[in-house]
Amino acid sequence: MFKKILIANRGEIAVRIIRTCKEMGIQTVAVYSEADADAMHVSLADEAVCIGKASAADSYLNMPSILSAAVVTGAQAIHPGFGFLSENSKFARLCREMNIVFIGPEADVIDQMGDKQHARETMQAAKVPVIPGSEDSVNSAEEALAIAEEVGYPVLFKATAGGGGKGMRLVKEASQLQSAFDEARLEAQQNFQNDQLYMEKVIHPAHHIEVQILGDNYGKVIHLGERECSLQRNHQKVLEESPSPFISQAIREKICAAAVQAGEEVNYTGAGTIEFLVDEDQNFYFMEMNTRIQVEHPITEMVTGVDLVKKQIEIAAGQPLSLDQEDIHFEGHAIEVRLNAERPEQHFYPSTGSFDFIHFPAGNLGLRLESSVYNGYQMPPYYDNMFAKLIAYGADREEAVQRMKRALGELRIEGIASNQALLQAILEDKGFLSGDYSNDYLEASLLPAWLAAQSN
């Protein structure tokens, strides 16, 4: 087992990883930007190294600085968390060249599944259903037009190297295609230094269902169930739950088996997520794979009792996966909400400043908090504005919802605006409570009604 791990990240995920390392008896090294000198992950780690200025490009994306910090401190492995360098194959290769273990899959697998068009081809080879669309990257609007006429509108342009909703454009009719193609290509180039696009038919209405998998270095791949991630704004998840209240048990078994098939096809190692779209008839289609830990991993941990970060570390250290599929038991229901520093009623404008006072909810079984903020903490304007995740667990969905309502009701924040009120509204919404909500429900229905109520 490793004696020392460097965490190449910040915020709540860095804190989360440090805590598991401490429980495993592993020393930790935090890296931080000049803007994060007072961050919680810096104070919790055994050692901390400043790696650059405030901007992510100068710090958390600065590979030479991070690798130098690992060498200087004697770290044997690097955990990238999510975001930043977590799906960067170049960084994974550099780690290997320097005899530092990258806690994640092999660089070739990151490349294979990170290129979304290549990932589609890989899934087709594995006999996993994929969304109808282009067979290869689309190089012109004329080519896209022919494909759109074949599969039918609406269609969606997506960056082959994309993520986070960037490089995506919806096309409802032929007249929109040229401008959508140009805009998506430009945005893809700006965000990923890669302007290649592919195109998919839009499955509508659809549910966004993802399956958590674990694979070791000896060919074993298992799943840890699915997560319902359909409540989204601007392609970013707002609330997640496990298990999905929408899919049947028969489809659950099929979609999880398909995810394992996908992992086996690429000899996947570590924690990964296979994402699917599920239509109203519960047909499912592969969408993409995330070759890292997910923001919403705690709800899977709550319903399975498996520490995913611990398993990542054990697998990276060369240990065989100690769990077989029959060892995974699913109990109860878990819901996660993402607390963001923003003003939903003002076009979700980011909120910065100081947490003059913050009181997080506590008490009773089944409540979990993932955060890195504290009273007096200064929210930096340079990074993602999620400052906490709140997870509620119950024996069933109703109990989990009630526990989350109680928890959000106890939350008190002064000095920073947040999306707390919107999250509370979601938990009272009839569409959400029914469990049958599609991935455009929040933006198309719930949010407009809530915003209208706020303005009255």
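Predicted model: local features only at pLDDT ≥ 70, side-chain atom pairs only at ≥ 80, totals over all residues.

Student: How many aromatic pairs does a search of the whole structure find, and what is the plane angle in the pair of phenylalanine 157 and phenylalanine 181?

Tutor: The search of the whole structure gives 10 aromatic pairs. Phenylalanine 157 and phenylalanine 181 make up one of the pairs, with ring centres 5.6 Å apart. Planes over 60 degrees apart count as edge-to-face. This pair is edge-to-face, and the angle between its planes is 65°.

Student: Which elements hold phenylalanine 157 and phenylalanine 181, and how many residues apart are the parts that the pair ties together?

Tutor: Phenylalanine 157 is in strand 6 (residues 155-159), while phenylalanine 181 is in helix 8 (residues 177-192). The pair therefore ties together parts whose separation in sequence is 24 residues.

Student: Is phenylalanine 157 buried or exposed, and what is the relative accessibility of phenylalanine 181?

Tutor: The cut-off for buried is under 20% relative accessible area. Phenylalanine 157 has 0%, so phenylalanine 157 is buried. Phenylalanine 181 also counts as buried, and its relative accessibility is 4%.

Student: What is the angle between the planes of phenylalanine 276 and phenylalanine 284?

Tutor: Phenylalanine 276 is buried, at a relative accessible area of 0%. Phenylalanine 284 is buried too, at 12%. Their rings form an edge-to-face pair, 5.6 Å centre to centre, and the angle between the planes is 90°.

Student: Which ring face does arginine 233 lie over, and which one does arginine 397 lie over?

Tutor: Arginine 233 is 3.6 Å from the ring centre of phenylalanine 348 and lies over the face of that ring. For arginine 397 the distance to the ring centre is 4.7 Å, and the ring is that of phenylalanine 432.

Student: Which residues of helix 7 are buried, and which on the other side are exposed?

Tutor: Helix 7 (residues 141-151) has Ala141, Ala144, Ile147 and Ala148 buried. These cover an arc of only 120° around the axis, so they are on the same side of helix 7. The exposed residues on the other side of helix 7 are Glu142, Glu149 and Glu150.

Student: Which element gives the most to the lining of the second largest pocket?

Tutor: The second largest pocket holds about 310 Å³ of space. Its lining has 18 residues, and Arg96, Val101, Phe102, Gly104 and Glu106 are those nearest the centre. Helix 4 (89-97), strand 5 (101-102) and helix 11 (308-316) each give two or more residues to this lining. With 4 residues, the element that gives the most is helix 4.

Student: Which residues is glutamate 121 in contact with, leaving aside neighbours within four places in sequence?

Tutor: Glutamate 121 is in helix 6 (residues 116-125) and counts as partly exposed at 35% relative accessibility. The C-alpha atoms of glutamate 121 and aspartate 136 are 8.6 Å apart, although 15 residues separate the two along the chain. With neighbours within four places left aside, the contacts of glutamate 121 are Glu135 and Asp136.

How values were computed: Residues numbered from 1 in each chain as written. Heavy atoms only, no water. Phe/Tyr/Trp six-rings, centres within 6.5 Å; stacked < 30°, edge-to-face > 60°. Buried < 20%, exposed > 50% of the residue type's maximum accessible area, 1.4 Å probe, protein only. Lys NZ or Arg CZ within 6 Å of the ring centre and 35° of its normal. Arc of directions from axis to C-beta. 1 Å grid on protein atoms, 1.4 Å probe; cavity = no way out; pocket = protein on both sides within 12 Å on 5 of 7 lines; lining within 4 Å. Points joined across faces, edges and corners; volume = space filled by probe spheres on them. Contact = heavy atoms within 4.5 Å.
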